[in-house]
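Please examine the arrangement of strands and helices in the structure shown below. The paragraphs that follow treat its sheet pairings and the helices beside them.

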Amino acid sequence: MGPDPSQGPPRGPLASPLDRRRFLRAALEAGVGASALAALVASCGGGQGEAPREAGALGPIESELNLYLWSDYLADDTIPNFEREFGVRVRLDTYESNEDMLAKLLAGASGYDLVLPSTYVFPVLLGERLITPLVKDHLPNLGNVVPELRDPPWDPGGVYGVPWQWGVTGIAYRSDLVAKAPDSWGVFLDPAHAGKMTMLDDIRDVIGSFLRFRGHSLNSIDPAELEAARADAVAAKANLRAFISATVKPQLIAGDVWIAQLWNGDTMQAKAEQPAIEFVVPKEGSMLFTDSLVVPSSARHPRAAHEFMNYVLRPEVAAAIADKTGYGSANAAAAPLTQAKLAFPGQEEMARLEFQEDLGRATQLWDRIWTEIKAA
């Protein structure tokens, strides 16, 4: 029998990287979240990732490329156009959560050349040396990345990742079914729409939204602030149809759900089918997120991976992806070409937005609170 993650991390460093991966894999299977794994990596003696290698030639482009990306995150012609231009056959697998992706990589999956993690997953990927530094000589279009994401705290110097798209968590609602547009996370505490509302099935989004509702950081580790957020979430649960994530879109379109905590891009995808769906960032503020393309250390087609990254950094390609997905492009040159003209949030908007950060040892407290919310 493997180690039991419910008993916490082992008291001493695990004997080898393989032992650590078995432990982390067991933690994922037990339902431990990605942010909790970051704390486990540190407590298990995980490293800080590879030292950045010197830029150099990768050799000729390979004939294959294997992608492992979030679902619904490409334009219809992104892959076909790349295949025609570069003579590369592309295979695409998709996932619905960072935990699904991590589970595969920690289990030893070695067939992928590019994956697309969110910010808070980087500590695990780096600690377990699952990704390799970029060879920037093969990324001449890297200068198109918005300045704010070229040196992010989760990837200092942009050594490992190419920012893909950005988005915010907010409230999607049916303007034809709701008399007054919601403007606060407090809407989920109002029984007026009981049974017609959903929140994301996501620990960081749900607890974070109620932290912001009370004027606190969505990365808070203060026990009193977290207890208040737990109480709010439990009260809100009585009004919810369910905790549900991307799959709420058809329910919004059908009118079974009137108000939903959701990401802006998924809201825009639903709005394409039902124009009455609108989106608002609550007045208390919310989460800003971005995902980045990274090359797994086991990638077999690194040159093809770099060519794909440089290809999607072209303004017209990035704009087409943003138009299809509804998310903002991390490509500054692409934003003016998109239908929505979504530019990366400016200083005034950033005042009420936050990136998710690693919670460290407080992750265990967050996980306990989330379990209590779900069980209430």
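Two strands are taken to pair if DSSP finds at least two bridges between them. The model considered here is predicted. By this criterion, an open sheet is formed by 3 strands in the order β2-β1-β3, with parallel pairing. Its edge strands, β2 (89-95) and β3 (114-115), each pair on one side only. Between strand β1 (residues 64-70) and β3 there are 2 bridges in the parallel sense, and Leu67 stands opposite Leu114 in β3.

Helices pack against this sheet. Helix α3 (residues 78-86) touches β1 and β2, and its direction makes about 155° with that of β2. Helix α4 (residues 98-106) lies across β1, β2 and β3 and runs at about 140° to β1.

A further set of pairings involves strand β8 (residues 259-263). Strand β5 (residues 162-174) runs antiparallel to β8 and is joined to it by 5 bridges; in this pairing, Ile171 stands opposite Gln261. Strand β6 (residues 197-199) also pairs with β8, in the parallel sense and over 2 bridges. Here Met197 has Ile259 of β8 as its bridge partner.

Because 5 of the 5 residues of β8 are buried, the strand is largely enclosed by the rest of the structure. The burial applies to both directions: Ile259, Gln261 and Trp263 point one way from β8, Ala260 and Leu262 point the other way, and all are buried.

Technical notes. Residues are numbered from 1 along each chain as its sequence is written. This is a predicted model: local features need pLDDT of at least 70, side-chain atom pairs count only at pLDDT 80 or more; totals for chains, interfaces and linings use all residues. Side-chain values use heavy atoms; hydrogens and water are left out. Buried means under 20% relative accessible area, exposed over 50%, partly exposed in between (1.4 Å probe, protein chains only). Helices (H or I, at least four residues) and strands (E, at least two) are DSSP runs, numbered from the N terminus. Contact means heavy atoms within 4.5 Å. Axes are lines fitted to C-alpha atoms, for helices over the stretch in contact, and angles run from 0 to 180 degrees between N-to-C directions.
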